[in-house]
Amino acid sequence: MALKTSAWTLSLLLFFASTFQAYSTTFDIKQYGAKADGETDISKAILSAWKVACTAPGVSKVLIPKGTYALRKLDIMGPCKGAMVLQVEGILQAPVDANELRGDGWVSFNHIDQFTMSGGGTFDGQGELTWKKYNCMERNNCKVLPTSLRFNFINNGIVQGITSLNSKNFHVNVLGCKNFTFQQFTVSAPAISFNTDGIHIGRSNGVNIIDTKISTGDDCISIGDGSQQITITGVTCGPGHGISIGSLGKYPNEAPVSGVFVSKSTLSNTANGVRIKSWPALYGGIASNIHFTDITMNNVANPILIDQMYCPWNRCNNKGSSKVKISNVSFKDIRGTTTTPVAVQLICSRGIPCENVKLININLRYIGNKAALTSVCSNVKPMISGILPSGC
């Protein structure tokens, strides 16, 4: 039922997109003083064009033509009088120095209904210097670094044919959105780019990620608390840390995660495959109705993982058990190669064991020669059918 709803939502959004292209009034940022010289900040020009377009009736389009533009911090605000299109054809470059961007975002879109961003353009976070200077994963009290693209409280939106390149921190953060789709979206950064999650979703309902390619230095897709009815299909991930639910249970009052469907995707040369992770001995939470189906793994470490002892760099009480309840989870038709001999790890909470976990046709081959392929399960009794490495 959820997949049918997502398909219907996508069809509606694509209809919106084609309608916008056909009937929109165009506001070219060059008419508002923007220069494609790679040096002049175009934030004021974009805001001026957006302000006029946002107050116009009907469908309005803000155009960023081809060329290379310098762009400092940009906060685009709604609500608007009609539907809005941002057509990005050019390359937008962030300042190289992260200190020139205040706050936690480079470009933010806020409180917009019926929003389309397309045009084949690129948001270049120019994060290479930042990765070398700030490795926030290895130390506490680190400077808050800007996420390249923030989508806050967007209803009925689609981002299509856009590229996020070399972000300083997360590429994309989705918060409080409803019926929001990424299609043919590209995330590009090397494996050494620390903490550069491709797309992070939190407290949103009805998010679709379709036919998207993600190469980065952290999770390709990470799904935080309060995420519901999330559909991920046709995604290519790698390098990166895989497709992850969580981490959960780190903060109080986290909202449940429910209805996550990952299918027809390929992960290559990633540190993990598909996983659910929660912190031990901290706060409660719920993760349920989560399904990974028809996934190809190419040279992936930890292909299938539930980790309720997630504790990077020992920053927690790893002697306690997780308070996050995980239930109704399936891993089905997962095939390919693993670089570690443990193909399946289901490490569930001692205090709240996982329930109703299914492993169906797990056909993985270990490419090393150190040990036989196996699986490990603790605090869970999975339902097993078809192929599965011995151990669980």
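# Close-up views of a predicted chain

**Overall view: surface and fold of the chain.** The chain exposes about 15900 Å², and carbon and sulfur atoms supply 51% of that area. Accessible areas come from the Shrake-Rupley method with a 1.4 Å probe; for residues, only the protein chains shown count as cover. This is a predicted model, in which local features need pLDDT of at least 70 and side-chain atom pairs count only at pLDDT 80 or more, while totals for chains, interfaces and linings use all residues. Residues are numbered from 1 along each chain as its sequence is written, and side-chain values use heavy atoms, with hydrogens and water left out. The chain has three helices and 29 strands (DSSP runs numbered from the N terminus: helices are H or I, at least four residues; strands are E, at least two). The radius of gyration is 21 Å, close to the 21 Å that the globule rule gives for 392 residues, so the chain is as compact as a globular protein of that length. That radius is taken over C-alpha atoms, and the globule rule is 2.2 Å times the number of residues to the power 0.38. The C-alpha trace spans about 65 × 45 × 40 Å along its principal axes. Of the 392 residues, 55% are buried (under 20% relative accessible area; exposed is over 50%, partly exposed in between; 1.4 Å probe, protein chains only). Among contacts between residues at least 6 apart in sequence, 77% join residues at least 24 apart; contact means heavy atoms within 4.5 Å.

Strand S1 (residues 25-28) and strand S2 (residues 60-64) run parallel and share four bridges. Two strands pair if DSSP finds at least two bridges between them. Asp28 stands opposite Leu63 in S2. From S1 the chain passes through H2 to S2, and this β-α-β crossover is right-handed. Right-handed here means that, with the strands pointing away from the viewer, the path from the first strand over the helix to the second runs clockwise.

The structure holds four disulfides (pairs of cysteine sulfur atoms within 2.5 Å). One of them joins Cys54 to Cys80, with an S to S distance of 2.1 Å. The angle about the S-S bond is -105 degrees, and the link is left-handed. Cys54 sits in helix H2 (residues 43-54), and Cys80 in the loop between strand S4 (74-77) and strand S5 (84-88); the pair links distant parts of the chain, 26 residues apart. Cys54 is buried, at 10% relative accessible area. The loop between S4 and S5 also holds Pro79. The peptide bond from Gly78 to Pro79 is cis, with omega near 0 degrees. What keeps Cys177 from bonding to Cys80? The sulfur of Cys177 lies 15 Å from that of Cys80, the closest cysteine sulfur, which is too far for a bond. Cys177 is buried, at 1% relative accessibility.

The sulfur atoms of Cys220 and Cys237 are 2.1 Å apart and form a disulfide. The torsion about their S-S bond is about 80 degrees, so the disulfide is right-handed. Cys220 lies in the loop between strand S16 (213-215) and strand S17 (221-223), and Cys237 in strand S19 (residues 236-237), so the pair ties together parts 17 residues apart in sequence. Cys220 is buried at 0% relative accessibility. Cys237 is buried at 1%. A cis peptide bond, with omega about 0 degrees, joins Gly238 and Pro239. Pro239 lies in the loop between S19 and strand S20 (243-248).

Strand S25 (residues 323-338) pairs with strand S27 (residues 355-366) in the parallel sense over ten bridges. Lys332 stands opposite Ile360 in S27. S27 and S29 also run parallel, joined by three bridges. The bridge partner of Ile360 in S29 is Ser385.

Cys377 and Cys392 are joined by a disulfide, S to S 1.8 Å. The torsion about the S-S bond is about 90 degrees, so this link is right-handed. Cys377 lies in strand S28 (residues 374-378) and Cys392 in the segment after strand S29 (383-385), so the pair ties together parts 15 residues apart in sequence. Cys377 is partly exposed at 23% relative accessible area. Cys392 is partly exposed at 33%.
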